[in-house]
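I opened the notebook to look up charged side chains.

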Amino acid sequence: MKLLTHILFLALALAWAQCDEHTSAVLDRCQGLEMDAVAVNEEYIPYFFKGDHLFKGFHGKAELSNESFAELDDHHHLGHVDAAFRMHYENSSDHDHMFFFLDNKVFSYYQHKLEDGYPKDISEVFPGIPDHLDAAVECPKPECDDDSVIFFKGDDIYHFNVKTKAVDEKEFKSMPNCTSAFRFMEHYYCFHGHMFSKFDPKTGEVHGKYPKEARDYFMRCSKFSEESDHVERERCSRVHLDAITSDNAGNMYAFRGHHFLRKDWDNDTLKADTIENAFKELHSEVDAVFTYQDHLYMIKDDHLFLYKVGETHTHLDGYPKPVKEELGIEGPIDAAFVCEGHHIAHIIKGNNIFDVELKASPRVAGNERNIHLFENVDAAMCSVEGIKVIKGNHFYHFENIISFVASRRLPEQHRVSLGLFGCDH
């Protein structure tokens, strides 16, 4: 009996030790981590894998990978994921499946559920592809000659034809060895350490000034590398904007994390600064910003900060005040905008929009309508050109508020980095 009790005690101690090994690790991507694998899910949210943890999106804390993909631990104690990608070929039976590679096994998930029969040997699903991979990325036609998956192992590059299963070994001379790779907004990125290079998937050629710091473009960090070009980073970052507005003079302000960009209307000059420096009472991270009568209304959580626009923005006495007191609606708020010459603030919460008459006292949020096209948005602004609605890395242009609210069909999609800030890479 004593022996059995001792064995049970040891088993429990081992289980607790393994649990503690999982939960005690505190990973901070802003410290410069080398990711094991990167892939986007079916909603185009990037997943960054490190050890037995997973970062979802461009900011936020790490969580255990087995909370989203439990079977990775059930079948194989999850030390780390070697490689991952999302199959995105509409003519393929595996369309929108996510594949994970661990040692000599491959796991196929659809909508976060493991497909029947998996895990399988890599050689069974992807014949000609070696075990213990470094990275993998999907490459649809015409970005590659055929719908393909590119696999990386050391210096070896394999183009796997999804339809014929033929393997074409290639040599990418100008590329570093990739520890992870992924396709995002039709561009291809090779991560090596905490740096990255953008490459041509057909030739492996790297054009432009690379490598670059991954934290500057794919993560929301309060501090960046000493070599970071703040304007270049903010205009080309893949992290979504928190808020955007333009003042009465036509100057545009775009806020992201701890920083913001200002774009002058008359010469398109871009300037980057910290929110702490220009709006010290806010410190960082706003939820929504709109401009009205030469004032910036800046909303953070349940409070509204008010600044007089100028060379140095002046914070008005008595602020911040509760959003409910100032706008007649409870915070937090996703986005807000006022169109030039009008006195109505359009407030977006989730997929609902409210109107607030700014000349009224007290102000009340009314005329609630449902937005058909979006479950939520990241930012929005109104100018003489119409309304720009930002969701993720893209924006959509609407002629007016009526077309935005009532439309059942998405207009043309534009890249934020290129369309708003002129970054073509």
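**Charge pairs and a patch**

I looked up Arg235 and found its side chain meeting that of Glu232 in a salt bridge, 3.1 Å from N to O. I count a salt bridge when a side-chain nitrogen of Lys or Arg is within 4 Å of a carboxyl oxygen of Asp or Glu. The model is predicted: local features need pLDDT of at least 70, side-chain atom pairs count only at pLDDT 80 or more, and totals for chains, interfaces and linings use all residues. Residues are numbered from 1 along each chain as its sequence is written, and side-chain values use heavy atoms, with hydrogens and water left out.

Arg235 and Glu232 both sit in helix 5 (residues 230-236), 3 residues apart, about one turn of the helix. Helices (H or I, at least four residues) and strands (E, at least two) are DSSP runs, numbered from the N terminus. Arg235 is buried at 17% relative accessible area. Buried means under 20%, exposed over 50%, partly exposed in between (1.4 Å probe, protein chains only). Glu232, at 18%, is also buried.

Next I checked Asp355. Asp355 bridges to Arg369, with the closest N and O atoms 3.0 Å apart. Asp355 is in strand 29 (residues 352-357) and Arg369 in strand 30 (residues 365-370), so the pair ties together parts 14 residues apart in sequence. Shared partners join Lys212, Glu232 and Arg235 into one network of salt bridges.

How many salt bridges does the whole structure hold? My search finds 13. One of them pairs Asp96 with Arg86 at 2.8 Å, N to O. Both Asp96 and Arg86 are buried.
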